[in-house]
Each structure stands twice: as C-alpha cells, then as structure tokens.
Amino acid sequence: MTTPTFSIEPYKGALPVRFGMTTDEIESLLGDPQRRSTNFRKELTYDYEAFNVGFNKSKVVTHVGFVPGASVEYDGEPVLTTEAFRRLIQIDGEAKEVLGFVVLLNLGIAFTGFHDNDNSQRAVTAFEQGSYEKLSHKMKEFVLNSE
Amino acid sequence: MTRGDHLLTSSHGSRSGSAVYRSDIEDLLNQGKVREAMAIEIRDVRRAALEGSGDLRKYNAALKEMLQYARRTDFLQ
C-alpha cells in the first residue's frame, strides 16, 4: 500500500486520516501498521514508517505524529522543515511553548525539536481539539528569534 | 537508545499524550518525588524496549548506570 502525502487540516486531521476514524478505517486506509504500541495511558498507537496514528481509549483517532522522512503538508507546503516551522508560527499568530513543545492552537499543530535544534526530537503532530487544555496553565508565549 | 526505541517512548514529541506525560513527570519532580518520577521513566523505557525490540531488558545496564549516578550525586536519596 502506498503511503499518502498527508495534509494537515486544523482539528480535522492529517488527511486522509481524520480524527474520529476507527482502527478498522485506518487499517483499510493505510494498511497494517508496522507495530502496534501503547503510551503511558495504555492508549493504542499504530506505528508506520515515519508517522504514527494515536487512538484514545474508545479507539478512535485523536492524533497523527510525523518524524523526518514523512510526507506531510499544510496548505500545500511541506511542514517538516525549519522554514515551515517559522512560517506556521507566523500564520498561527499566537504560538505557545510548553514542556519542549511549540504549540499552535489556532492550527492544531505542535512542533518539537525545531526551536531547540534537538534533531532526535524533531516531530510535527496534528492534534484534536482540547488535547492541550490540561496544560494551558503551563504555556508561555513563544517568540521566534530573529535569525 | 536506538532511534526506533526512542520513537516509542511516551515522552517523544511525535507520540500521542507526550506533552501530558512530560507534564506529569515535571510535576513529580517539582514535588520532590524524584524516585517516583524515575520509576515511571524506567518502566517506560522498558516498555519501549519491549515493544520496539522485543527485549524488556535491553537497556538494563544503562538504567543501572543511571541509578548508580543518581545515588552517587545525591540526586536520588
């Protein structure tokens, strides 16, 4: 099965993966994952080459995570680049930083490893509404440096 | 740690719930519950090793070294 180029649509998903899809729908769309893993909350994740699909306890999609090597776009432009990181911060207009994440709540996208040049942590995620609510008290405004 | 195993850790930025996981660890550390935080992290590394490489004990030597260092430096009392 060919891996698609994903297109992040704020709070809808990383199309063709949509939030709310079931495990069966994901398997039908993307094939069997390379691995089925869990997180600390025992929630299921399907791991594919350079991306993963996270499910909640009801086993519907709430998250799509990408690492370098994945093909993922926002508005027709690749997002796993430093240039895209800077561009999307400008588009969002209200970037926040929390616990090593740069969170764009208007776009439903989070970055890690770009603002601190930590290559091992480089990732982009599309998340469903409310995913960062619990952390709002820890968030600080994120300002791009001028470099 | 291999890249494949690292991607499976609960704190990795690509993973669902990773920000909440980091927050929980931070809260424990701020409360002085270092032992509890380290225990959670050790369990998570072992889970990632099992799911990623099929070997729960893959990082035992490194974890042992970390614990020895923590005790030696009074980080873990």
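**A loop position and its surroundings**

Author: A:Ala50 is located in the loop that links strand E5 (44–48) to strand E6 (51–55) of chain A. Strands (E, at least two residues) and helices (H or I, at least four) are DSSP runs, numbered from the N terminus. The model is predicted, with local features requiring a pLDDT of at least 70 and side-chain atom pairs counting only at pLDDT 80 or more, while totals for chains, interfaces and linings use all residues. Residues are numbered from 1 along each chain as its sequence is written, and chains are lettered from A and ligands numbered from 1 in the order in which they are written.

A:Ala50 counts as partly exposed because 18 C-beta neighbours lie inside 10 Å. On this scale a residue is buried if 20 or more other C-beta atoms lie within 10 Å of its own, exposed if 12 or fewer, and partly exposed in between, with C-beta atoms placed from the backbone. Apart from neighbours within four places in sequence, A:Ala50 is in contact with A:Phe66, A:Val67, A:Gly69 and A:Ala70; contact means that the C-beta atoms, placed from the backbone, lie within 7 Å. Between A:Ala50 and A:Asp116 there are 66 residues in sequence and 21 Å in space, C-alpha to C-alpha.

Other loops of chain A hold backbone features of their own. A:Leu15 and A:Pro16 are joined by a cis peptide bond with omega of about 20°, and A:Pro16 belongs to the loop between E2 and strand E3 (17–18) of chain A. A:Lys59, in the loop between E6 and E7 of chain A, has a positive phi near 65° although the residue is not glycine. A:Lys59 is partly exposed because its C-beta neighbours inside 10 Å number 13. A:Asp75, also not a glycine, takes a positive phi of about 55° in the loop between strand E8 (72–74) and strand E9 (77–78) of chain A.

At the scale of the chain, the assignment divides chain A into domain 1 (6–66) and domain 2 (82–135), the bounds coming from an automatic or database domain assignment. The centres of these two domains, taken over C-alpha atoms, are 19 Å apart. Their contacts involve 11 residues of domain 1 and 11 residues of domain 2 of chain A. On the domain 1 side, strand E2 (13–15) and strand E7 (61–66) of chain A are the elements that give two or more residues, and E7(A) gives the most, with five. That side holds seven nonpolar, four polar and no charged residues, where Ala, Val, Leu, Ile, Met, Phe, Trp, Tyr, Cys and Pro count as nonpolar, Asp, Glu, Lys and Arg as charged, and the others, Gly among them, as polar.

The largest nonpolar core has 46 residues, among which A:Val72, A:Leu88, A:Leu104 and A:Ile109 touch the most other members. Both domain 1 and domain 2 of chain A give residues to this core, so it lies between them. Such a core is a set of buried Ala, Val, Leu, Ile, Met, Phe, Trp, Tyr and Cys residues joined through C-beta atoms within 7 Å. Leaving out residues up to four places away in sequence, A:Leu88 touches A:Tyr74, A:Val79, A:Leu104, A:Leu107 and A:Ile109.

Chain A also meets chain B, with 28 residues of chain A in contact with 18 residues of chain B. H2 and H3 of chain B each give at least two residues to the chain B side, and H2(B) has the largest share, six residues. By class, the chain B side has five nonpolar, eight polar and five charged residues.

Chain B itself has four helices and zero strands. Within H2(B), the buried residues are B:Ser18, B:Ala19, B:Tyr21, B:Arg22 and B:Ile25. They cover an arc of only 160° around the axis, which puts them on the same side of H2(B); the arc is that of the directions from the helix axis to the C-beta atoms. These buried residues pack against strand E10 (96–98) and strand E11 (101–104) of chain A, together with helix H3 (34–53) of chain B. The face of H2(B) turned away from the buried side carries the exposed residues B:Asp27 and B:Asn30. Just after H2(B), B:Gly32 has a positive phi of about 80°. In H4(B), by contrast, the count of buried residues among 13 is zero.

Methods
Contact = placed C-beta atoms within 7 Å.
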